[in-house]
Amino acid sequence: MTGAEMIIHALKKEGVRALFGYPGGAVIDIFDALYNSDIPFYLTRHEQGAAHAADGFARASGEVGVCIATSGPGATNLVTGLATAHMDSIPIVAITGQVHTHLIGNDAFQEVDIVGISRPITKHNYLVSNIDDLPHILKSAFYLAQSGRPGPVLVDIPKDIQQAKTSKPYPDSIEIKSYKPTIKGHMPQIQNVSKAIAASNRPVIYAGGGVISSSASDELRQFAKIINAPVTTTLMGLGVYPETDKNSLKMLGMHGTEYANYAIQEADLLIAVGARFDDRVTGKVDKFASKAKIIHMDIDPTTIRKNVQVNIPVVGDIKHVLHELNKIVEPKENKEWLEQIYKWKKDHPLKYKNDGRIQPQYVIEQIAELTNRKAIITTEVGQNQMWTAQFYNFTHPRTFLSSGGLGTMGYGFPAAIGAQVAQPDKIVVDIAGDGSIQMNIQELATAVLYQIPVKIVILNNHSLGMVRQWQAIFYDRRFSSTCLRRNINCPPDCDQTGENCPKVYVPNFTKLAEAYGATGFFTNKVEEVKPTLEKMLNTPGPVIVEFEIEAEENVYPMVPAGAPINEMIRGMA
Amino acid sequence: MRHIINLEVENNAGVLARIAGLFSARGFNIEALSVGQADPNATARMTLVVRGNDEVIEQINKQLNKLIDVIRVTDVTKNYYVSRDLVLVKVTATPTKRNDISQLINIFGAKVVDISNKTMILELGSSEAKVNAFIETLRPFGIKEIARSGTISMLRDSSGTF
C-alpha cells in the first residue's frame, strides 16, 4: 500500500464521513487515492474554509473533523482554523502535504515548516519522515484528537512518503506511554465535593464547553436538579442546560446576564464544570466569586489553579465525575437562595429597545421561535455572536457553534457548512454581521455546488459593531475605521454618520447570493422580519437574508475589560 | 524559588522546540537547560533550572506533563538530589602566576586541561555554588573566556545532602 492509499485507508478505518480540503502539488497523490474512494470530499474555496468546516462538523457531531491542504500556502491557510479549534478544544485531524524529504530545509517551492508554525496551536503534530511510521502516526493523530481534552492534530506528510510503499498495517488500537489522560475522578475528592455542596447555602454551577466535549449534558442536568442549584454557562457551554429553565442564569461574564454575575459574586460555593476561568468570564480575577469556595472539575490539570485559586480540584472526565457525584450527593432545597435568584431574574432581565426599527435581538428571538430551537446555530464573532448568546435561549448541546476562545471572524459560515454536512436533517443557520460574513464569503460556492442548504442571516449595521461599541464607550466616539461605508473621500477623523456620509455600501448581499446561484432576501422593516425568516426557512438551498439594523445598537450588559463582573454597564432600554 | 526539573522525553525531532516554545509562549523563564542522551535507543534526558513562585512552578510542571512527548517530570528540588554544573575557564596565566592558580585548583578539585605561555584552561564539575565560587576566585587573574553547561541532576536514594 502506498502512503497515500494508507491515508485513505486510515480515514475509512476511523469512520470519517466527510473530508474538507483543497488540492495542490504536494497532495496530488492523496487526491489521486481519493479519486476511487467513497468518502465524500467537499472542495472548499479556501483552506481556511476547510479547517472551519471540519471544526463545525466536529462540533455538530462529536466526531473528529478532517481537513486536507497542500504544503506551503495551503498549510498556512489552515492556521487560523487550527488555532480556533485549539482554543475551543475541538477534535480535528489536519493532513498537510510537504515537499520531498530530501528537499526539506532547502526553501523548496511551496515549502513551509508547518510543524513549527502549528506547534503552539495544535494539541500535537507530526512530520512523517519514514513511511513505516505513517500508520502508527495516523492512528495516534485520531486518538489524540478525540481523547482527553480534545484538540486539533496536524500530520505533515512529504510527497515521497505519500508515494512510498509500506507493508505495515493500520493499527486497531494504540498506546502512547507518555499520554495517559485522567478519566476517572479521584473518589475522595468527589466525596469532598459532595460534602462542600451539603455545607453550602448559595451554590452556583458554572458549566463550560467541557460538558459538551464529554457529552455530559444529561448528567449535568441531573446534578443541577438534585442539588437544586442555579446554572450559568460560558459561551462554549451554551445549551448544556436549558436556558428556558427557571434555574438557568444563562451566560455569565463580560456580556453575561446581570443575574448570573450577581449570583457568582454572592455565591458561597462555585462549582466549575468543564470550564477554564477565561478572562472574559472572570473580569477582574481577584474580585471574581470572592465569597465562594471554588470546586473545579476538569479533564485538563493545567486549567486548575491557572487563573484562580481552587479549594477542591477534581481532575477527570466530566461525564464520569458527575456520574459518580450524582450517586452520592444529597438533595438540597436552597430555598432562600433561589428566591434571591428569581428576584434578580425578575428585576434585571435582558432587554432591548423597541423603536420601530429592526432590533438584532428581535431577529434572534424570531429565529429561535421559528425553528423551535431545534436548529444548529453558528455565529461569526462580535455583536452578532453576543446577541445570539443572549437572546436565543439555547436548550440543547451542540446547537450553538461559535469561536469562543480565539474569536475568529469568518468562522460561522464555513462552520455551518461543516455542521450541515454532519447533520443533514437539521436546519443550520449562521447568524452573521456584515463584517464577519465577508471574511469567508467565498464558501458560497461550496454551499451552492454541494447543495448544502445553510441559511445565513446577516445583521447589517454597516459597521464592525463590537469594535465600534468599544470606540463609543471607551474611546470617546473616535470611530477609526469601523464604518464599512468608509471610502477614499472620508475624512480621517470622521466620528459619526451624517448627511455627508457615503451612500454606497458594498456588496449588495442579495445580488451576491444570486451571483453564486443562492437565494437572497433583504428587508429594513421590522414587520417583515418574521415573514422573511419564514421565506428563508421554506426556500431550499443556501439563502442569505440581510436585515438592515441600526449602527448604534450595542451589546448590553457589558463589563469593561478588567472590572469586577458585577460592575456592569447597562443598556439604554 | 529556584527549582531543578528533570524531564524524561521521547527522543523525537522537535521535542526541544516544544519545550522551549512552551516556556516562551507562557512567559516562563529558563535559567539553564541541558539536554543529553545516555543511550541511543533510550529516551532523552533534560534538566531545566527554572525560577518562580509555587503557582508558577505548579503550572510549569503541569504544562510540561501535558506535552505528548514528555514521559516524566520530576522536580528534584522537592527531594534529596545531587546536581552538577561543568565549567571550562580560560584564565590568564603567565608562568609567574601558575603556582598561585595551581593552589586554587587543588582547593577546588579542578583540573588543568590546557596550558600555554599566556593562558590555562581549567575544568571543574561541581555544584552550582562551588562553580560560582571557583569563577569568582579566578577573576583577579583575568578570565578570558567561560563555557558553562546547564545543570544536570539526579535524585538520591540516600538522604544525604552534599
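Biologist: Which residues of α14(A) does α9(A) meet?
Modeller: In this predicted model, the α9(A) side of the contact consists of M187(A), I190(A), Q191(A), V193(A) and S194(A). Counted by class, the contact holds six nonpolar, two polar and one charged residues. The partners on α14(A) are V321(A), E324(A), L325(A) and I328(A).

Biologist: Nice, let's move to another pair. How are α3(A) and α5(A) arranged to each other?
Modeller: Helix α3 of chain A takes in residues 47-61 and helix α5 residues 79-87, with axes that come within 7 Å. Their crossing angle is roughly 25 degrees. The cut-off for this class is under 35 degrees. The pair is therefore roughly parallel.

Biologist: And which residues of α3(A) make that contact?
Modeller: On the α5(A) side we find T80(A), G81(A), L82(A), T84(A) and A85(A). By class, the contact as a whole has three nonpolar, five polar and one charged residues. From α3(A) come Q48(A), A51(A), H52(A) and D55(A).

Biologist: What is the handedness of the crossing of α16(A) and α17(A)?
Modeller: Helix α16 (residues 360-370) and helix α17 (residues 383-391) of chain A have axes that come within 9 Å and cross at roughly 55 degrees. That makes α16(A) oblique to α17(A). As for the sense of the crossing, it is right-handed.

Biologist: Which residues does α17(A) bring to the contact with α16(A)?
Modeller: α16(A) contributes P360(A), Q361(A), I364(A) and E365(A). The classes in this contact are four nonpolar, two polar and one charged. α17(A) contributes W387(A), T388(A) and F391(A).

Biologist: Let's step back to the domains. How far apart are the centres of domain 1 and domain 2 of chain A?
Modeller: Chain A is divided into domain 1 (3-163), domain 2 (187-347) and domain 3 (360-548). Domain 1 of chain A and domain 2 of chain A each give six residues to their contact. On the domain 1 side these are one nonpolar, three polar and two charged residues. Between the C-alpha centres of domain 1 and domain 2 of chain A the distance is 36 Å.

Biologist: Is A445(A) buried, exposed or partly exposed?
Modeller: A445(A) sits in helix α19 of chain A, which covers residues 444-449, and touches R45(A) and Y516(A), leaving aside residues up to four places away in sequence. Being buried takes 20 or more other C-beta atoms within 10 Å, and being exposed takes 12 or fewer. A445(A) has 16, so the residue is partly exposed.

Biologist: How far is A445(A) from V281(A) in space?
Modeller: In sequence, A445(A) and V281(A) are 164 residues apart. From C-alpha to C-alpha, the separation in space is 37 Å.

Biologist: Turning to chain B, in what order do its elements run?
Modeller: Chain B has four helices and nine strands. Its C-alpha trace spans about 55 × 35 × 30 Å along the principal axes, and 23% of its 162 residues are buried. From the N terminus, the order is β-α-β-β-α-β-β-α-β-β-α-β-β.

Biologist: Which strand gives the most to the side of domain 1 of chain B that touches domain 2 of chain B?
Modeller: Chain B is assigned domain 1 (2-78) and domain 2 (81-155), with C-alpha centres 28 Å apart. Their contact takes 10 residues from domain 1 of chain B and eight from domain 2 of chain B. On the domain 1 side, β1 (2-9), β2 (30-36) and β3 (44-51) each supply at least two residues. The most, three residues, come from β2(B).

Biologist: Last one: how many residues does chain B give to the contact with chain A?
Modeller: Chain A brings 14 residues to this contact. They divide into six nonpolar, four polar and four charged. From chain B the number is 16 residues.

Technical notes. Residues are numbered from 1 along each chain as its sequence is written. Chains are lettered from A and ligands numbered from 1 in the order in which they are written. This is a predicted model: local features need pLDDT of at least 70, side-chain atom pairs count only at pLDDT 80 or more; totals for chains, interfaces and linings use all residues. Domain bounds come from an automatic or database domain assignment. Two residues are in contact if their C-beta atoms, placed from the backbone, lie within 7 Å. Ala, Val, Leu, Ile, Met, Phe, Trp, Tyr, Cys and Pro count as nonpolar, Asp, Glu, Lys and Arg as charged, and the others, Gly among them, as polar. Axes are lines fitted to C-alpha atoms, for helices over the stretch in contact, and angles run from 0 to 180 degrees between N-to-C directions. Angles under 35 degrees count as roughly parallel, over 145 as roughly antiparallel, 65 to 115 as roughly perpendicular and the rest as oblique. A crossing is left-handed if the near helix is turned anticlockwise from the far one by less than a right angle, and right-handed if clockwise.
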